[in-house]
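Student: I have a new structure open and would like to learn how to read it. Could you take me through some of its features, one after another?

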Amino acid sequence: MNSRWMYIDFNSYFASVEQQLDPKLRCKPIAVIPVDTEATCAIAASYEAKAFGIKTGTPIWEAKKMCPHLICILAKHEAYVEFHEKILREIDRHVPITKVWSIDEVACQLMDNESANAEQLAAKIKKGLKENVGECIRCSIGIAPNRYLAKVATDMKKPDGLVFINQEDLPQKLHSLKLRDLPGIGTNMEIRLKSCGILDMKTLCSLNLEQMRIAWGSVEGEKMWHHLKGIELPEKETQRRSLGHSQVLAPELRNPEIARIVGRKLTTKAASRLRTMELVASKMSLSIILEEQGFFELHSACNQVDDTMTFLSLFQDMWNQITNLTATSRMKKISVTFSKLEKPIGQQYDFFTDHSREKRKK
């Protein structure tokens with residue numbers, strides 16, 4: 001067995017913490033929400049809720065149609081951080097943590113002796129989490145020759161999975177996956193690949209290095225080729241300074257409450273992209289263009305983070321400030337931007353903090 005990386009992904013983390021804190025919520029469909037209104041979106045869903053099709057980003061009014069007996073729970077930021085810290089201490093008892101990627105994902109690079117006993121090690125971690133953190137705190141563990149494939153493996157069996165991708169399994173073990181199952185392949189990239197005749201994983205895995213670069217239209221294709229071969233690439237310093245998403249709203253979306261939901265989706269999408277690029281941000285900006293040609297821009301500073309929950313909290317704070325000023329004004333365009341981007345240093349970040357803000361109106 002030649003497994004070098006262990007990736008640990010906690011299943012429905014926020015919802016699982018809520019079920020651990022309140023036994024009456026166990027085995028019930030629950031959605032964790034940032035504010036108590038049906039106009040908000042779910043920021044997490046229990047597996048019982050996911051069975052009804054509810055997922056992160058589902059509007060609560062829609063979720064309640066999908067599951068009339070859905071239980072909505074206000075997010076408890078401090079509790080999620082407290083459990084995160086307990087989880088890190090427990091994992092560290094068994095194997096050193098190489099990097100914390102988010103509040104519910106960590107990666108461990110295994111030494112030769114750990115790699116040889118990876119299955120027993122994973123079992124000990126799962127047992128320790130159940131006994132010392134909580135029986136509802138379940139995780140899926142992926143073990144593979146590189147960190148990328150180890151992360152892929154965590155999604156191959158949920159919840160509470162353990163999946164090995166060994167060097168000798170490649171590429172056959174990947175053939176059953178969909179293109180979108182790979183981190184870094186979103187809707188647009190899937191369309192691009194299919195336009196090149198790449199319709200499934202078997203075809204993708206058969207490409208050579210040059211073909212992969214052509215398919216991606218950039219060096220990212222070469223990186224993906226190495227990922228799928230089980231080769232661990234050295235991390236490189238990023239020169240990127242910011243990333244974000246914006247949307248010009250159709251007339252029917254310009255009502256402030258509907259526009260807020262669009263803004264939350266942009267925030268969630270940008271946060272996911274940030275994690276895919278393996279970056280953290282210490283500044284978030286929100287800008288709004290009104291139909292009446294007014295313009296508002298706010299900035300929020302924070303510790304280096306990459307998790308959706310923190311950015312949604314920042315977004316909501318800035319949104320409240322803007323709507324207090326704009327009253328019922330209709331909104332024409334929304335932009336969300338993360339800046340002061342860096343590669344993460346160290347193992348843990350303060351995910352929920354007080355934030356300093358500055359405001360500018362034009």
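This is a predicted model: local features need pLDDT of at least 70, side-chain atom pairs count only at pLDDT 80 or more; totals for chains, interfaces and linings use all residues.

Student: Let me begin with burial. Is helix H1 mostly covered or mostly open, and which of its residues are buried?

Tutor: A residue counts as buried when its relative accessible area is under 20%. Helix H1, which covers residues 13-21, is mostly covered, since eight of its nine residues are buried. Those buried residues are Tyr13, Phe14, Ala15, Ser16, Val17, Glu18, Gln19 and Gln20.

Student: Where does Cys136 lie, and which residues does Cys136 touch?

Tutor: Cys136 sits in the loop between helix H6 (118-132) and strand S7 (139-144), and because its relative accessibility is 12%, Cys136 counts as buried. Leaving aside residues up to four places away in sequence, Cys136 touches Ser16, Gln19, Gln20 and Arg26; of these, Ser16, Gln19 and Gln20 are among the buried residues of H1. As for distance across the model, the C-alpha atoms of Cys136 and Pro251 are separated by 44 Å, and the two residues are 115 apart along the chain.

Student: Now a helix. What span should helix H12 have, and how far apart are its end C-alpha atoms?

Tutor: The general idea is to count 1.5 Å a residue, so the 21 residues of helix H12 (residues 256-276) should span 30 Å, and the end C-alpha atoms are 30 Å apart, which agrees. At the start of H12, a side-chain oxygen of Asn255 reaches to within 2.9 Å of the backbone nitrogen of Glu257, while just after H12 the residue Glu278 takes a positive phi of about 60°.

Student: What covers the buried residues of H12?

Tutor: The buried residues of H12 include Pro256, Ala259, Ile261, Leu266 and Leu274. The cover over the buried residues of this helix includes strand S9 (242-248), strand S10 (281-290), strand S11 (295-305), helix H13 (308-326) and strand S12 (331-339).

Student: How many salt bridges does a search of the whole structure find?

Tutor: A salt bridge pairs a side-chain nitrogen of Lys or Arg with a carboxyl oxygen of Asp or Glu within 4 Å, and a search of the whole structure finds 21 salt bridges. One of them joins Asp160 to Lys126, with the closest N and O atoms 3.0 Å apart. Asp160 lies in the loop between helix H7 (147-154) and strand S8 (162-164) and Lys126 lies in helix H6, so this pair ties together parts that are 34 residues apart in sequence. Asp160 counts as partly exposed at 38% relative accessibility, whereas Lys126, at 18%, counts as buried.

Student: How far apart in helix H6 are Glu131 and Lys127?

Tutor: They are four residues apart, which means a separation of about one helical turn, and their side chains meet in a salt bridge at 2.8 Å, N to O. Glu131 is exposed, with a relative accessible area of 53%, and Lys127 counts as exposed at 52%.

Student: Which residues are linked with Asp9 in a network of salt bridges?

Tutor: The network links Asp9, Asp155 and Lys158. Asp9, found in strand S1 (residues 5-10), counts as buried because its relative accessibility is 5%, and its side chain makes a polar contact of 3.0 Å with the side chain of Lys158. Asp155 forms a salt bridge with Lys158, the closest N and O atoms being 2.9 Å apart. Asp155 counts as partly exposed at 41% relative accessibility, and Lys158 is partly exposed as well, with a relative accessible area of 36%.

Terms used. Residues are numbered from 1 along each chain as its sequence is written. Side-chain values use heavy atoms; hydrogens and water are left out. Buried means under 20% relative accessible area, exposed over 50%, partly exposed in between (1.4 Å probe, protein chains only). Helices (H or I, at least four residues) and strands (E, at least two) are DSSP runs, numbered from the N terminus. Contact means heavy atoms within 4.5 Å. A polar contact is a pair of N or O atoms within 3.5 Å; within protein, one must be able to donate a hydrogen and the other to accept it, and residues adjacent in sequence count only if both atoms are side-chain atoms. The expected span of a helix is 1.5 Å times one less than its number of residues.
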